[in-house]
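Please have your viewer ready.

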Amino acid sequence: IAPNPEDAFELEDAFVQKVTQIVAEHFADEDFGLPQLCQKTGLSRSQLFRKMKALMDTSPSDFIRSYRLNKAKILLETTRLNVSEVAWQTGYKNRGHFSTAFQEEFGFPPSATSK
């Protein structure tokens, strides 16, 4: 029996949802990164990289960074937290590193976003 292509899409969708959920639960932890994501998904670094690149067109590390920065942007836009507080809440313990990553991601500094 030929596999149903819809089943493959459902499995891929479930994987994307699982990865997103794991990152959503741990993005504020500065120690959460590729090794922890591998552990939680049960995949090796190379398996996780290949699967995420194929399904999401991004690397695991880039996905985690983008997730954190998008959360930071939302916090800056919707709360009265300052840049340092937002950096800390999104897993960045170094404000300078956060500001550089934010600028690279969005093309403007985090200070331009805050209320």
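Thr58 counts as buried, with a relative accessibility of 16%; here buried means under 20% relative accessible area, exposed means over 50%, and partly exposed is in between (1.4 Å probe, protein chains only). This threonine sits in the loop between H3 and helix H4 (60-78). Helices (H or I, at least four residues) and strands (E, at least two) are DSSP runs, numbered from the N terminus. Once neighbours within four places in sequence are set aside, Thr58 is in contact with Met52, Lys53 and Phe63, where contact means heavy atoms within 4.5 Å.

A word on the ground rules: this is a predicted model, in which local features need pLDDT of at least 70 and side-chain atom pairs count only at pLDDT 80 or more, while totals for chains, interfaces and linings use all residues. Residues are numbered from 1 along each chain as its sequence is written, and side-chain values use heavy atoms, with hydrogens and water left out.

## Helix H3

Which residues of H3 are buried? They are Leu48, Met52 and Met56. These residues lie on the same side of H3 because they cover an arc of only 25° around the axis, the arc being that of the directions from the helix axis to the C-beta atoms. As background, an α-helix has 3.6 residues a turn, so residues three or four places apart point the same way.

Just after H3 comes Asp57, whose phi is positive at about 55°. Lys51 lies over the face of Phe15, 4.5 Å from the ring centre; a charge sits over a ring if NZ of Lys or CZ of Arg is within 6 Å of the ring centre and within 35 degrees of the ring normal.

## The aromatic cluster

Rings of Phe, Tyr and Trp (its six-membered ring) pair if their centres lie within 6.5 Å; planes under 30 degrees apart count as stacked, over 60 as edge-to-face and the rest as tilted. The count by this rule is seven aromatic pairs. In one of them, the centres of Phe102 and Phe106 are 4.7 Å apart and the planes are at 55°, so the pair is tilted. Both belong to helix H6 (residues 95-106), and because they are four residues apart, about one helical turn separates them. Phe102 is buried at 0% relative accessible area, whereas Phe106 is partly exposed at 21%.

Phe102 also pairs with Phe108, edge-to-face, at 5.9 Å centre to centre and 70° between the planes. Phe108 is partly exposed, with a relative accessible area of 29%. Ring pairs join Tyr92, Phe98, Phe102, Phe106 and Phe108 into a cluster. Over the face of Phe106 lies Lys73, at 5.5 Å from the ring centre.

## The whole chain

The protein chain has six helices and zero strands. Its C-alpha atoms fill a box of roughly 60 × 25 × 20 Å along the principal axes. Of its 115 residues, 31% count as buried. Among contacts between residues at least 6 apart in sequence, 53% join residues at least 24 apart.
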